[in-house]
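Grab a pencil and open the viewer. Try each exercise yourself before you read its solution.

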Amino acid sequence: MQTAATVAEVREQVRAWKREGLTIGLVPTMGFLHEGHKSLIVRAAAENDRVVVSDFVNPTQFGPTEDLESYPRDFDRDCKLCEEAGAALVFHPDPSEMYAPNACTYVNMDELTHELCGLTRPIHFRGVCTVVSKLFNIVCPDRAYFGQKDAQQLAVIRRMVRDLNFGIQIVGCPIIREEDGLAKSSRNTYLSAEERVAALCLSRAVFAGQKMVEEGERDAATVLDAMRAIIEAEPLAKIDYVKMVDFENIVQIEKIGDEPVLCAMAVYIGKTRLIDNFIFDPKA
């Protein structure tokens with residue numbers, strides 16, 4: 001496995017692979033990798049000849065009061081996981097390599113970013129769309145892999161790829177959970193032992209809501225009320241949002257119809273903001 005710190009290095013390697021007729025998968029990450037990331041890399045390695053993993057804490061998707069400086073980092077550990085999972089190249093640039101000092105060009109999406117995380121983190125998806133577009137231009141992958149845990153991000157990237165005519169297949173992959181149900185996240189490391197137990201209210205709410213929907217409940221408010229009650233029973237939890245939206249357009253709905261829906265939440269456990277969700281497709 002190779003590592004690269006510059007755009008030029010990545011482009012040179014990708015050109016060599018493409019001359020050989022090889023297919024390329026991209027797994028964009030912010031590092032501090034866990035089993036969820038590993039599952040993306042393993043799938044990408046199974047479906048492509050070469051896999052590039054980006055390991056970059058993107059500053060443009062963090063607000064001024066968010067955890068950019070304290071976001072966990074461990075590049076050596078990341079490289080070991082990437083190699084075990086089948087990655088061929090890890091791209092680990094400095095912010096100065098990705099953003100010129102006077103950079104003023106961004107990729108900004110309307111509509112899909114007005115709800116859920118976009119409502120409470122107003123610059124977040126501008127940063128996500130910008131950095132992912134840059135990675136697509138640098139790596140030129142055939143496929144790119146994103147986890148369902150960041151479900152709004154997955155919907156946003158799919159729409160961006162459609163709207164901007166990127167010739168890339170976006171592959172969504174299932175949430176990977178701890179044995180007790182907590183969705184794996186780099187931010188789980190922020191939790192104290194007491195908070196780690198409290199955080200299970202998210203997955204309990206998700207599983208309860210999903211069960212209600214799968215058993216036939218179609219009223220969004222009924223499902224959301226039951227989920228909120230589970231979270232509100234935990235003293236250390238503070239709800240940012242618990243909402244049900246049309247998964248394609250990220251618009252709140254009152255009733256589940258024939259199209260896929262996303263039931264998503266963001267909850268503070270102490271000072272740590274965690275997300276979880278389930279997707280329900282009536283046609284599946």
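Here come two exercises on this predicted model.

**Exercise 1.** Work out which residues of helix 1 are buried and where they sit around the axis.

*Solution.* 
Step 1: Find the helix. Helix 1 runs over residues 7–19, and its 13 residues reach 18 Å from first C-alpha to last, close to the 18 Å expected.
Step 2: Pick out the buried residues, using the cut-off of under 20% relative accessible area. In helix 1 you get Val7, Val10, Gln13, Val14 and Trp17.
Step 3: Look down the axis. These residues cover an arc of only 135°, so they lie on the same side of helix 1.
Step 4: Recall the general rule: with 3.6 residues a turn, an α-helix has residues three or four places apart pointing the same way.
Step 5: Check the other side of helix 1, where Ala8, Glu12 and Arg19 are exposed.
Step 6: See what the buried residues pack against: the partners include strand 1 (2–4), strand 2 (24–29) and helix 6 (124–139).

**Exercise 2.** Which residues does the UniProt "binding site" annotation cover, and how do they sit in the model?

*Solution.* 
Step 1: Read the record. The unreviewed UniProt entry gives Gln61 and Gln153. Although spread over 93 residues of sequence, they cluster in space, with a largest C-alpha distance of 11.7 Å.
Step 2: Gln61 is in the loop between strand 3 and helix 3, while Gln153 is in helix 7.
Step 3: Buried or exposed? Gln61 has a relative accessible area of 9%, so Gln61 is buried. At 17%, Gln153 counts as buried too.
Step 4: List contacts. Gln61 touches, among others, Met30, Arg121 and Val128. Gln153 touches Phe125, Val128 and Phe146, leaving out residues up to four places away in sequence.

Conventions: Residues are numbered from 1 along each chain as its sequence is written. This is a predicted model: local features need pLDDT of at least 70, side-chain atom pairs count only at pLDDT 80 or more; totals for chains, interfaces and linings use all residues. Side-chain values use heavy atoms; hydrogens and water are left out. Helices (H or I, at least four residues) and strands (E, at least two) are DSSP runs, numbered from the N terminus. The expected span of a helix is 1.5 Å times one less than its number of residues. Buried means under 20% relative accessible area, exposed over 50%, partly exposed in between (1.4 Å probe, protein chains only). The arc is that of the directions from the helix axis to the C-beta atoms. Contact means heavy atoms within 4.5 Å. UniProt positions are given in the numbering used here, feature names are shortened, and annotations may be inferred rather than shown by experiment.
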